[in-house]
Amino acid sequence: SQLRDHDSLIVCNGYKDEEFIELGLYARQMGIKCFFVLETAMELDIILERSRALGIDPLIGVRIRLASMVEGHWNEDSGDRSIFGLSTSALLGVVDKLKQANMLHCLQLLHSHLGSQIPNIRNIRTGVMEACRFYAGLIEEGAPMGYIDMGGGLAVDYEGARSNSTHSMNYGLDEYCYNIVEALQESLDPLDIPHPVIISESGRALVAYSSMLLFNVLEVREHKAEPLPAEAPEDSHDHIINLFSVLDYVSPENLQECYNDSLYYRDEMRELFHHGQGTIRERALAENLALAILEKISNLLPQARRVSQELEALPELLSDIYYGNFSLFQSLPDIWAIDQLFPIMPIHRLNEAPVRDAVLADMTCDCDGKIDNFISPTGVKKTLPLHELKDGEEYYLSVFLVGAYQETLGDLHNLFGDTNVVSVHINEEGGFDFRREFHGDSIADVLSYVEYDPKHMLEQFRRIAEEAVRDGRISVPMRQKMLHAFKESMHGYTFFER
């Protein structure tokens with residue numbers, strides 16, 4: 001229903017039932033080039049049966065399982081154990097069955113999916129070369145062919161490193177196209193096989209750049225020491241006196257020693273507190289002193305001649321937690337599910353140097369609802385440099401390149417719904433226009449998704465309020481105020497509102 005250009009294609013991958021195939025055949029009869037790509041040999045029987053019943057010749061493609069392996073996160077999509085595609089023997093079985101049905105002329109497309117987010121261009125070239133051999137073999141068997149679909153795989157350089165690491169790519173769009181076209185020429189020209197129409201299913205590379213998630217920071221839990229007294233209070237425990245001494249003793253030459261001592265005396269004070277031999281104030285002071293020592297050690301690390309792994313991790317342990325007004329599971333599920341990296345940065349105050357190292361937490365109160373891997377010019381880091389919050393001012397961060405999958409994969413974990421969305425277009429004058437705005441899910445919307453009836457809930461609340469009036473716990477005007485608040489809340493946003 002959305003297709004206006006009948007030179008375009010509809011390529012139907014995945015399992016297909018009779019109803020699906022029937023609709024595709026109707027599209028074919030209306031002049032739309034709708035290809036059924038066989039994922040398994042059993043699908044061919046359904047296609048042939050519905051084709052005979054309707055008197056419509058189908059356009060058929062076959063997905064072949066290549067032996068070529070790729071690098072990257074989805075490398076298991078490739079090779080002999082790939083869950084996609086026909087084996088060579090199964091492919092020949094399809095050809096023979098089409099010959100018997102006198103419908104080999106319907107086989108016109110070869111499909112091969114190497115994998116998603118392929119970081120190394122050499123993998124793509126190797127896969128195309130192998131696919132071309134199958135294409136030539138099908139023509140030799142008598143199939144007319146004419147189309148080759150290289151599937152997905154065109155990567156997005158999330159890291160900006162131009163390397164063959166999982167979240168990057170060591171090639172550009174032009175090089176990707178050159179490699180596919182050259183591989184086809186090298187394989188088919190010596191056989192005098194006409195060049196096919198080349199199809200790419202590069203959805204990630206097309207849409208990743210189109211969306212960003214924008215959110216404000218609600219608050220920060222700073223991991224730094226509170227102001228300390230100049231010296232240990234009278235009658236302080238020896239552990240506290242020792243911690244004051246360690247604080248004065250820290251220097252670039254003894255960082256490891258002071259690190260060890262600070263944790264030892266702090267933990268000893270905690271043990272005393274556990275056994276009722278230390279007060280809550282003594283514990284607080286000991287923890288604050290230890291934190292001050294660790295901060296001092298962290299600041300001196302650049303001056304140290306040697307730094308242990310423990311001390312290298314210290315900036316991460318001392319990082320702040322910035323609480324963002326978003327749900328990781330709703331808006332950035334790939335971070336949680338597959339350890340995807342996205343570029344994240346503030347979108348304002350860019351003329352100020354960030355002074356705090358931080359990790360991000362979302363609103364879900366879930367231990368997985370955090371981001372603690374970030375892209376940096378020197379590689380992946382465990383913290384993100386951010387600015388200190390200013391009183392009375394919002395602080396906004398953005399996550400970029402989230403156009404692929406995030407909106408469709410987002411779930412209702414912790415019952416946070418879709419966010420508000422605005423569609424922004426760059427105009428010819430170089431400015432921008434807000435084309436469309438969509439309100440995110442209300443609380444009532446989300447509750448209805450999980451099979452609660454908002455109207456029924458309001459009625460139940462009304463009965464509880466009326467019972468409270470009868471019992472004298474609230475007045476009639478208060479009842480009206482409560483009902484209004486409940487109703488307004490049900491139609492409100494699921495995320496935090498100032």
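Two strands pair if DSSP finds at least two bridges between them. Strands (E, at least two residues) and helices (H or I, at least four) are DSSP runs, numbered from the N terminus. The model is predicted: local features need pLDDT of at least 70, side-chain atom pairs count only at pLDDT 80 or more, and totals for chains, interfaces and linings use all residues. Residues are numbered from 1 along each chain as its sequence is written, and side-chain values use heavy atoms, without hydrogens and water.

**View A. The hairpin of β16 and β17.** Strand β16 (residues 421–426) pairs with β17 (residues 432–438) in the antiparallel sense, over six bridges. V422 has E437 of β17 as its bridge partner. Five residues lie between the strands, and G430 takes a positive phi near 95 degrees.

**View B. Strand β8 and its partners β7 and β10.** Strand β7 (residues 213–221) runs antiparallel to β8, joined by four bridges. Here V220 has Y322 as bridge partner. With β10 (residues 356–361), β8 pairs in the parallel sense over four bridges. D320 has A358 of β10 as its bridge partner.

**View C. An open sheet of six strands.** The order is β1-β2-β3-β4-β5-β6, and the pairing is parallel. β1 (9–12) and β6 (197–199) stand at the edges, each with a single partner strand, so one side of each lacks a neighbour in the sheet.

**View D. Strands β3 and β4.** β3 (residues 59–63) and β4 (residues 107–111) run parallel, joined by four bridges. G61 stands opposite L109 in β4.
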